[in-house]
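Open the model in your viewer and keep the selection panel at hand. The tour goes stop by stop.

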Amino acid sequence: MMKMLSTSRAVALLFALSALGASAQIVIGQSADLSGPVAASVKETIMGSQLVIDQVNAQGGINGEQVEVIRLDDGLDAKRSLENTRILIEDKKVLALLLNRGTPNTLAVIPLLDKHGVALVGPSTGAMALHKPLQKNIFNVRSTYQREAEKAVQHLHTTGIQRIAVVQADDSFGKDAMEGASKGFEKAGLAPAVLALADRSKPDYSTIVPQLVRANAQAVLWIGSGTAVTEGVKALRAAGSAAQIITLSNNAASGFIKELGSASAGVIVTQVLPYERSFGHPLIKEAMALAKAKGQTELSPALLEGFVATKVMVEALRRTGPKPTRARLIATLNSLQYDLGGNIDVSYSPTDHTGIDYVDLSIVSEGRFKR
């Protein structure tokens, strides 16, 4: 498992650079879940982001300007995300937003982004609705949930599994991912053994689990977030099912494994970045060096997502030049072509804000992700 920092240092990372408040000249905002069902994953993402920010500031900032990130807790509640984003844009006057978390949460703030002409870089969601139709102020970094879900079903089918059940969060995230899963089922010539809808934050496992058991599911594609998935897997195991579990990259965090505990055996998590233990990969090598300097001995997929998205933001800020404005940053992003290392490329245009096209699978084993 990832060696986390001391409590005081972790808090400093989460709320970021407060000591720079008086001198920070580039202010970025983030609304994300710091206390709710996906807080463990979000905190790892922030750690990865902060590795980049701290390095930039230690080297003199961007074009001589220090960077501050203001982070507000929304508990994964879309209404709180909207209010946080209003505060960040209108009151705090942030230049841009970074790594906002959640599909409904991100969709909710699009009108504010468009009204004020503010870029959101690397939203921590793979919703297709953020890709098509084009959202002019959202610059995606990671791949889509639809790609992940489709590949998950195809993987299960190629291993000989026929009875695949689906637990789907009953929200915009779940519906979006299910579209990809449906493509996978169609290509495999299969239909879901069961399709069980689950409340986003408070699933009724007493209703869901018996459906999976009765269907004698060999595998379950579990489309949900954080504790809504971990508690469901535990309930399924308690009911005697040994079904293979596969879930999406929004759960690719060391905190997710920790929450699973002994129920982690037989769980697969899709990935949208290179394997974090591929130490020869330039991107992983760079992140690992910065992490070790902070006292961390391992990376996680969630940490890497924050690291990569923030590298994209920083590179765009560098190219925008001194005293960047919201409009100039968006113009830079719309022509950005950036090699993050190891043939991991980000390329944007005024008609394409797709980001990295990469999907892989990891098995949860012995308390960590393995390829």
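Which residues touch the most other members of the largest nonpolar core? Select I28, V312, L333 and L340. They belong to a core of 46 residues. A nonpolar core here is a set of buried Ala, Val, Leu, Ile, Met, Phe, Trp, Tyr and Cys residues joined through side-chain atoms within 4.5 Å. Buried means under 20% relative accessible area, exposed over 50%, and partly exposed in between, with a 1.4 Å probe and protein chains only.

Before moving on, note that this is a predicted model: local features need pLDDT of at least 70, side-chain atom pairs count only at pLDDT 80 or more, and totals for chains, interfaces and linings use all residues. Residues are numbered from 1 along each chain as its sequence is written, and side-chain values use heavy atoms, with hydrogens and water left out.

**Stop 1**

Colour the elements that give two or more residues to the 46-residue core. They are β1 (26-32), α2 (39-58), β2 (67-73), β3 (96-98), α10 (282-293), α11 (301-320) and α12 (326-333). Helices (H or I, at least four residues) and strands (E, at least two) are DSSP runs, numbered from the N terminus. The largest share, 10 residues, comes from α11. Now centre on V312. Beyond its neighbours within four places in sequence, V312 is in contact (heavy atoms within 4.5 Å) with V121, V141, L336, Y338, L340, V346 and Y348.

A second, separate core has 25 residues, including Y205, V220, F256 and V267. In soluble globular proteins, nonpolar side chains tend to be buried together.

**Stop 2: the open sheet**

Show the strands β2-β1-β3-β4-β5. These 5 strands form an open sheet in that order, with parallel pairing. β2 and β5 (138-139) stand at the edges with a single partner strand each, so one side of each has no neighbour in the sheet. Zoom in on β1 and β2: they pair in the parallel sense over 7 bridges. Two strands count as paired if DSSP finds at least two bridges between them. V27 stands opposite E68 in β2.

**Stop 3: strand β8**

Select residues 219-223. In β8, 5 of the 5 residues are buried, so the strand is largely enclosed by the rest of the structure. A219, L221 and I223 point one way, V220 and W222 the other. In a regular strand the side chains alternate between the two faces of the sheet.

Strand β6 (residues 164-169) pairs with β8 in the parallel sense over 5 bridges, and V166 stands opposite L221. Strand β9 (residues 244-247) pairs with β8 in the parallel sense over 4 bridges, and A219 stands opposite Q244. From β8 the chain crosses through helix α8 (residues 227-238) to β9, in a right-handed β-α-β crossover. Right-handed means that, with the strands pointing away from the viewer, the path from the first strand over the helix to the second runs clockwise.

**Stop 4**

Pick E150 in helix α5 (residues 145-158). It is buried at 13% relative accessibility. Leaving out residues up to four places away in sequence, E150 touches G180, A181, K183, G184 and K187.

Next, D171, in the loop between β6 and α6 (172-188). D171 is buried, at 9% relative accessible area.

**Stop 5: the domains**

Colour domain 1 (25-143 + 280-358) and domain 2 (145-271). Their C-alpha centres lie 28 Å apart. Across the boundary, 25 residues of domain 1 are in contact with 20 of domain 2.

Definitions and conventions: Domain bounds come from an automatic or database domain assignment.
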